[in-house]
2 protein chains.
Amino acid sequence: MAVKEILVSEVGPRDGLQSIKAIMPTEYKKNWISAMAKAGIAEIEVGSFVPASVFPQLADTAQIVRYAKTIKGLQVAALVPNLKGAIAAINAGVDKLSIPFSVSETHSLRNLKRNHQQVIDEVRQISRYISQLPKAQRPHFEASLSTAFGCTIEGTIAESAVLASAEKLIEAGAAEVGLSDTTGYGNPQQVKRLVEQIKACVGNEKLTSVHLHNTRGLGLANALAAIEAGIETIDSSMAGIGGCPFAPGASGNIVTEDLVFMLQSMGIQTGIDLPQLLEVRHILRAAFPSEPLYGFTPDAGIPKGFVAP
Amino acid sequence: MAVKEILVSEVGPRDGLQSIKAIMPTEYKKNWISAMAKAGIAEIEVGSFVPASVFPQLADTAQIVRYAKTIKGLQVAALVPNLKGAIAAINAGVDKLSIPFSVSETHSLRNLKRNHQQVIDEVRQISRYISQLPKAQRPHFEASLSTAFGCTIEGTIAESAVLASAEKLIEAGAAEVGLSDTTGYGNPQQVKRLVEQIKACVGNEKLTSVHLHNTRGLGLANALAAIEAGIETIDSSMAGIGGCPFAPGASGNIVTEDLVFMLQSMGIQTGIDLPQLLEVRHILRAAFPSEPLYGFTPDAGIPKGFVAP
């Protein structure tokens with residue numbers, strides 16, 4: 001494998017915190033994000049511009065975006081459910097925004113309360129809104145293909161539906177699609193096949209990232225398959241916190257600490273100082289003394305004689 | 001990937017039980033082994049012919065082998081540390097025996113209390129002993145390359161040392177070598193490279209199995225890499241119990257339940273009924289009410305709409 005570098009995109013402050021009932025105070029979030037950035041995490045999805053009534057845990061997202069933008073070199077991402085959220089995100093100064101398009105329409109209705117056509121309309125409006133901004137203010141705009149590997153409500157999702165969705169989202173103006181295993185249904189072969197097919201369908205440069213969950217323990221195997229298929233950015237969350245409350249049974253993301261260890265042990269650059277990153281976990285533990293934290297590398301430690309690339 | 005079938009070799013009754021202080025009663029072991037075999041596990045390493053003073057948990061191995069041999073179609077394997085153990089294993093009727101050769105000589109001295117030359121001598125004697133048996137009574141004889149990916153005591157292990165060890169073991173009469181990540185130091189690239197190199201060195205048919213630990217969460221990614229490199233048998237343990245007491249910090253094996261789910265989801269035949277296998281876990285939980293049991297598929301369940309190959 002000739003891969004030299006992978007961007008680890010930390011989604012804990014968004015996907016992770018939305019799955020935990022307790023609310024992390026704003027100052028605590030700032031400390032956590034800043035500590036991860038210091039350890040070398042170059043992109044962080046810091047929150048979601050959804051109504052505070054849906055996710056009170058993320059009600060301070062605009063404030064967090066503004067703070068995160070003061071951290072030098074950090075790419076600040078946020079999730080948005082619609083045009084209104086996108087405008088708020090852009091006003092706060094995000095570098096990147098993602099709208100989830102659930103290939104399972106049932107999940108879309110529960111998650112965004114919008115059917116496929118309505119989400120496509122939002123994508124079109126967001127895209128138009130961005131194109132009218134001065135060039136320097138335009139964030140990168142991604143539409144993620146959620147539940148692409150299966151849905152806890154609908155079950156199997158046809159790959160043809162994923163491809164058709166990818167085409168529609170690009171046609172509607174998304175700069176890129178992301179491939180998302182919201183439910184942890186995916187397997188390495190499926191990851192490879194879908195990545196290759198979507199790239200062939202919408203263009204190699206229009207799918208560069210995957211978002212994987214470790215629901216059935218296959219997260220890192222799926223990440224490996226994604227890398228082999230040419231993916232450059234992998235979402236993960238510190239301690240594997242995360243899960244979509246609207247997809248029953250969907251559990252945590254792949255664990256940032258283990259992902260970074262895997263990448264580095266394979267000689268792939270991440271820009272991350274792993275021992276320093278492992279220290280940051282204490283912030284999360286202190287914030288949530290009784291939440292389950294996942295990951296094996298934090299317990300096992302870095303192997304004797306290990307040299308990061 | 002054109003792989004059609006993988007043999008899942010369950011090592012819980014040996015590698016798993018040796019790492020748990022409490023002793024599973026003989027009748028309980030029989031139930032557990034029989035339930036796993038009923039669920040379709042075709043090969044089980046049922047114990048270790050080591051002195052009861054070292055592993056009192058495995059003191060009943062001869063009895064367990066005799067029982068397991070009554071289960072139709074089950075391949076019964078055992079670990080042996082030396083000729084004496086091998087003779088006991090053969091007398092009990094094993095189909096397969098493995099002797100661990102630690103590429104880290106420091107680990108070898110702690111684990112078997114023998115240096116490299118002494119272990120090679122045992123291999124030679126076992127091989128001679130087997131060759132004098134009537135053909136129908138000869139077990140398959142494997143020497144496993146332990147600590148091949150790194151040692152918790154010595155640190156990095158040179159790949160050249162692994163290759164040289166493989167050659168010596170085959171030369172001394174092992175029918176096959178196994179590749180063992182005793183310490184959970186391995187990464188997918190290293191797995192692929194070592195499998196390919198050893199196969200090139202001693203012959204494609206003389207390395208067909210890997211033994212992986214999930215110490216840093218990379219277990220299934222490593223298994224995937226092994227399959228891609230042509231491995232046909234993968235060791236794993238139910239609930240991921242396991243670990244070598246003589247390699248400090250080495251923890252559990254890859255989890256059988258998650259491995260089987262990964263393989264089946266990729267369309268690879270295992271002969272195992274996964275829902276039935278998941279039920280067997282209750283036997284283990286009842287035996288060890290307070291031991292940590294690993295695995296994600298048991299909690300998450302099998303995906304909606306999932307069809308086993």
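Colleague: In β8(A), which residue is the bridge partner of Glu10(A)?

Modeller: Good place to start! This is a predicted model, in which local features need pLDDT of at least 70, side-chain atom pairs count only at pLDDT 80 or more, and totals for chains, interfaces and linings use all residues. Residues are numbered from 1 along each chain as its sequence is written, while chains are lettered from A and ligands numbered from 1 in the order in which they are written. In β8(A), Glu10(A) has as its bridge partner Ser236(A).

Colleague: In which sense do β1(A) and β8(A) pair, parallel or antiparallel?

Modeller: Strands are DSSP runs of E with at least two residues, helices are runs of H or I with at least four, and both are numbered from the N terminus. Two strands pair if DSSP finds at least two bridges between them. Here β1 (residues 7–10) and β8 (residues 233–236) of chain A share four bridges, and the sense is parallel.

Colleague: Which residue in β2(A) does Ser9(A) stand opposite?

Modeller: Strand β2 spans residues 43–48 of chain A, runs parallel to β1(A) and is joined to β1(A) by two bridges. Within β2(A), the residue opposite Ser9(A) is Glu43(A).

Colleague: At about what angle do α3(B) and α4(B) pack?

Modeller: Axes are lines fitted to C-alpha atoms over the stretch in contact, and angles run from 0 to 180 degrees between N-to-C directions. For α3 (residues 61–68) and α4 (residues 83–92) of chain B, the axes are 9 Å apart and the angle is about 35°.

Colleague: Which residues of α4(B) make that contact?

Modeller: Residues are in contact if their C-beta atoms, placed from the backbone, lie within 7 Å. From α3(B) come Ala62(B), Val65(B) and Arg66(B). From α4(B) come Ala88(B), Ala89(B) and Ala92(B).

Colleague: Which helix gives the largest share of the side of chain B that touches chain A?

Modeller: The contact takes 35 residues from chain B and 35 residues from chain A. Helices α8, α9, α10 and α12 of chain B each supply at least two residues of chain B's side. The largest share is four residues, and these come from α10(B).

How values were computed: Contact = placed C-beta atoms within 7 Å.
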